Amino acid sequence: MEERLQKVLANAGVASRRKCEELITAGKVTVNGEVVTELGVKADPTKDAITVSGKAIKKEAKVYIMFNKPKGVITSVSDPQGRSVVTDYLKEIKERLYPVGRLDYDSEGLLLMTNDGDLAHKLTHPSHHVPKTYHATVERVPHGNALEKLQKGIKLEDGITAPAEVEYHDIDPEKKFATITITIHEGRNRQVRRMFDAINHPVTRLKRISFGGLTLGNLQRGKNRRLTPAEISKLLESVAGVAVAPGSEATETSED
């Protein structure tokens, strides 16, 4: 069955769909010996000979991993500055995995990794509004009316945020800090941090505890586990019927 070339590459575990589009436009991809640079081209991986940078693609088994990202790790498969990246913690897995969305360098917690480029694209596309829940430890204790602003939507430099679900999780007896549970349905750059900055309660620690209905649970920091069949089905069902316009891009910015 013919599909858009960038989708074929992503499904083969080459990279995220957006990165595959960049490979195509850079002239790194050939189909049946011909260099392809246009994103509208379709191909059938069962019939066509497809190469990326001279290497033939091969169909990999789909792998879905939950990783508890530590603070100080880059959400990328490589870093030109030599800093620690998430794939450094997944060396026992032979398939090429890529992160679903991003967690900021200073943030920690649940990060999904997969070679299912189509699912990753849908989960991170802004049209889907996948829920993401965080524990945000902030300076001092925000009053209830400040949290109400986050619940209703607060004005940032790139527009008003969508309504968020917010509640107290823990409060320091001396009122020096509080940990707030916040669920957002967007993926703006450093959104959670900017939301709390807007109510004058800067974030000092940020941990994602849930993504798309999956929870981190007791998975230790720096460790990973494969998703269960039920968890995979839950993710697939959550994006079933989601229409993503050809050529449109998923959110690639840091989401917290």
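**Exercise 1. Helix α2**

Find which residues of helix α2 (residues 17–25) are buried in this predicted model, and decide how they are arranged around the axis.

*Solution.*
Step 1. A residue is counted as buried when its relative accessible area is under 20%. In α2, Arg-17, Cys-20, Glu-21 and Ile-24 are the buried residues.
Step 2. Viewed down the axis of α2, these buried residues fall within an arc of 105°, so they line one face of the helix.
Step 3. Look for what covers the buried residues of α2. The cover includes α1 (5–11), β2 (29–31), β3 (34–36) and α3 (117–124).
Step 4. Follow the chain past the helix. Just after α2, Gly-27 has a positive phi of about 80°.

**Exercise 2. Helix α4**

Determine which residues of helix α4 (residues 144–152) are buried, and which on the other side are exposed.

*Solution.*
Step 1. The buried residues of α4 are Ala-146, Leu-147 and Leu-150.
Step 2. Seen down the axis of α4, the buried residues fall within an arc of 95°, so one face of the helix is lined by them.
Step 3. Asn-145 and Lys-152 are exposed on the other side of α4. Exposed here means a relative accessible area over 50%.
Step 4. The buried residues of α4 pack against two strands and a helix, namely β13 (165–171), β14 (177–184) and α5 (191–198).
Step 5. Just after α4 comes Gly-153, with a positive phi of about 115°.

**Exercise 3. Helix α6**

Carry out the analysis for helix α6 (residues 229–238), and name the elements that cover its buried residues.

*Solution.*
Step 1. Glu-231, Ile-232 and Leu-235 are buried in α6.
Step 2. Around the axis these residues cover an arc of only 100°, which puts them on the same side of α6.
Step 3. On the other side of α6, the exposed residues are Pro-229, Ala-230 and Glu-237.
Step 4. The cover over the buried residues of α6 includes β7, β9, α3, β16 (214–215) and β17 (224–226).

**Exercise 4. Two residues of one loop**

Ser-107 is in the loop between β8 (98–99) and β9 (108–114), and Leu-103 is in the loop between β8 and β9. Is Ser-107 buried or exposed, and which residues does Leu-103 touch?

*Solution.*
Step 1. The relative accessible area of Ser-107 is 1%. The limit for a buried residue is under 20%, so Ser-107 counts as buried.
Step 2. With neighbours within four places in sequence left aside, Ser-107 is in contact with Lys-69, Pro-70, Lys-71, Arg-193, Leu-206 and Asp-256.
Step 3. With Arg-193 there is also a polar contact: the side chains of Ser-107 and Arg-193 are joined at 2.9 Å.
Step 4. Leu-103 has a relative accessibility of 2% and counts as buried.
Step 5. Not counting residues up to four places away in sequence, Leu-103 touches Lys-69, Thr-75, Glu-108, Gly-109, Leu-110, Leu-111, Tyr-134, Arg-208 and Asp-256.
Step 6. Compare the two lists. Lys-69 and Asp-256 are among the contacts of Ser-107 and also among those of Leu-103.
Step 7. For a distance along this part of the chain, take Leu-103 and Ser-78. They are 25 residues apart in sequence, and their C-alpha atoms are 15 Å apart.

**Exercise 5. The annotated span and Lys-58**

Which residues does the UniProt annotation "domain: RNA-binding S4" cover, and is Lys-58 buried or exposed?

*Solution.*
Step 1. According to the unreviewed UniProt entry, the annotation covers residues 3–62.
Step 2. In the model, the span 3–62 is 27% helix and 25% strand, and its end C-alpha atoms lie 18 Å apart.
Step 3. Lys-58 lies in the loop between β6 (55–56) and β7 (64–69).
Step 4. Lys-58 has a relative accessible area of 58% and is therefore exposed.
Step 5. Gly-13 is 45 residues from Lys-58 along the chain, with 8.5 Å between their C-alpha atoms.

**Exercise 6. The whole chain**

Decide how the radius of gyration of the protein agrees with that of a compact globule, and describe the overall content of the fold.

*Solution.*
Step 1. For 256 residues, a compact globule would have a radius of gyration near 18 Å; the protein has 20 Å, which agrees.
Step 2. The C-alpha trace spans about 70 × 40 × 35 Å along its principal axes.
Step 3. The protein has six helices and 17 strands.
Step 4. Of the 256 residues, 50% count as buried.
Step 5. Take the contacts between residues at least 6 apart in sequence: 68% of them join residues at least 24 apart.
Step 6. The accessible surface is about 12,800 Å², and 50% of this belongs to carbon and sulfur atoms.

Notes
Residues are numbered from 1 along each chain as its sequence is written. Side-chain values use heavy atoms; hydrogens and water are left out. Helices (H or I, at least four residues) and strands (E, at least two) are DSSP runs, numbered from the N terminus. Buried means under 20% relative accessible area, exposed over 50%, partly exposed in between (1.4 Å probe, protein chains only). A polar contact is a pair of N or O atoms within 3.5 Å; within protein, one must be able to donate a hydrogen and the other to accept it, and residues adjacent in sequence count only if both atoms are side-chain atoms. Contact means heavy atoms within 4.5 Å. UniProt positions are given in the numbering used here, feature names are shortened, and annotations may be inferred rather than shown by experiment. The radius of gyration is taken over C-alpha atoms; the globule rule is 2.2 Å times the number of residues to the power 0.38. Accessible areas come from the Shrake-Rupley method with a 1.4 Å probe; for residues, only the protein chains shown count as cover. The arc is that of the directions from the helix axis to the C-beta atoms.
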